[in-house]
Amino acid sequence: MALTLYVDTARWRAHHKHVQEQFPGLVPVCKGNGYGFGHERLAEEATRLGADLLAVGTTYEAARIKDFFSGDLLVLTPYRRGEEPVPLPDRVVRSVSSVDGVYGLVGARVVIEVMSSMKRHGVLEQDLPQLHAAIENVRLEGFAIHLPLDRTDGSDAVEEVIAWMDRLRAARLPLHTMFVSHLKAEELQRLQQQFPQTRFRARIGTRLWLGDHEATEYRGAVLDVTRVSKGDRFGYRQQKAASDGFLVVVAGGTSHGVGLEAPKAMHGVMPRAKGVARAGLATVNRNLSPFVWAGKQRWFAEPPHMQVSILFIPADAPEPKVGDELVAHLRHTTTQYDRLVDR
């Protein structure tokens, strides 16, 4: 009995090809938990796509993935002097976000990140004159810009990239390759038309691996079902059942990522109102689980355990049976499955 990730493999891979056709020179991204699929599986899929370069999050990820992917690897986390050295092959390319970082990577292959409106990290415009001397001792693979997902000020992503291209050109820095993130296909085409001598390479993870929501589905297997009456005590904390129903033990607990949720940016009155309502229910131990039964998302009976969750199903709903599987709405980037099934 397991928490299972089911993959409609043909549909999933068809989506990969569609994205690749939209973004020539695509650089697949495999970082974190491998977007829920694992590093080895995504390295295999990147190879299937014919990718010559795979982007990873950290040097530690590069050290693991190098045995699964034979092409070049781009580490997205910028190099910092004093970081723990990790033995890596020459086919690993390091990102750098400072002039000092470039000087610290003599002889290495590097991509220089510029500071975007994200304001996360990157070389500043006033640092560009200093890069001339710095890049003489490295193998420059190109520049990169990481853009925000939302542009609430109405600004244009393409114009932001163009502004940086103009700055780099004015500083007489090489513009043979520009790595970009979070651009639409038509935006990438606009840039390519305006700068035909530059190769634009889109680094894409979420849109590539998770863009077709119907291609994947998590399900947790029912392990036990116990009928309870109103007032019966149950669980670690011996709470009372609020009404007649069933306690359903389903595969999937905190070790799988069940019950974990990343903070969300909320826009508009309705999403904020729902957030307030959920917070209010949580104060009285009412927490909605990700598991669905009989067409409804069901409540946790108590906080999820390490490997299972206990749900409360009211008596007016169909009784689940041991071996049934409940669909689970889980975030891929925070979920660890027991098994993956291609179908």
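In which sense do β5 and β6 pair, and over how many bridges? The answer is given under point 3, after some remarks on the model.

1. Basis of the note. The model is predicted, so to speak, throughout: local features need pLDDT of at least 70, side-chain atom pairs count only at pLDDT 80 or more, and totals for chains, interfaces and linings use all residues. Residues are numbered from 1 along each chain as its sequence is written, and side-chain values use heavy atoms, with hydrogens and water left out.

2. The protein as a whole. The protein has nine helices and 18 strands; helices (H or I, at least four residues) and strands (E, at least two) are DSSP runs, numbered from the N terminus. Its C-alpha trace spans about 75 × 45 × 40 Å along the principal axes. Of the 343 residues, 47% are buried, where buried means under 20% relative accessible area, exposed over 50%, and partly exposed in between, with a 1.4 Å probe and protein chains only. Contact means heavy atoms within 4.5 Å; among contacts between residues at least 6 apart in sequence, 66% join residues at least 24 apart. The UniProt record, an unreviewed entry, annotates residues 8–162 as "domain: Alanine racemase N-terminal"; such annotations may be inferred rather than shown by experiment. Over residues 8–162 the chain is 32% helix and 19% strand.

3. Strand β5. To return to the opening question, β5 and β6 pair in the parallel sense over three bridges; two strands pair if DSSP finds at least two bridges between them. The bridge partner of Val96 in β6 is Ile112. Strand β4 (residues 72–75) also pairs with β5 in the parallel sense, over three bridges, and Leu74 stands opposite Val93 of β5. Strand β5 comprises residues 92–96, and five of its five residues are buried. Both faces are covered, with Val92, Arg94 and Val96 on one side and Val93 and Ser95 on the other.

4. Thr59. This residue is found in helix α3 (residues 59–65). Thr59 counts as buried because its relative accessibility is 9%. Leaving aside neighbours within four places in sequence, Thr59 is in contact with Val75, Glu83, Val86, Leu88 and Arg94.

5. Helix α6. The 14 residues of α6 (residues 157–170) should span 20 Å at 1.5 Å a residue, and the end C-alpha atoms are 20 Å apart, which agrees; the expected span is 1.5 Å times one less than the number of residues. The buried residues of α6 include Ala157, Val161, Trp164 and Leu168. Among the elements that cover the buried residues of α6 are β6 (109–114), α5 (128–134) and β7 (139–146). At the N-terminal end, Asp156 caps α6, with a side-chain oxygen 2.7 Å from the backbone nitrogen of Val158.

6. Positive phi angles. Where does Arg172 lie? Arg172 lies in the loop between α6 and β8, and has a positive phi of about 60° although it is not a glycine. Arg172 is exposed because its relative accessible area is 66%. Ala294, likewise not a glycine, has a positive phi of about 55°. Ala294 is found in the loop between β14 (288–293) and β15 (296–300), and is partly exposed, with a relative accessible area of 46%.

Key. A polar contact is a pair of N or O atoms within 3.5 Å; within protein, one must be able to donate a hydrogen and the other to accept it, and residues adjacent in sequence count only if both atoms are side-chain atoms.
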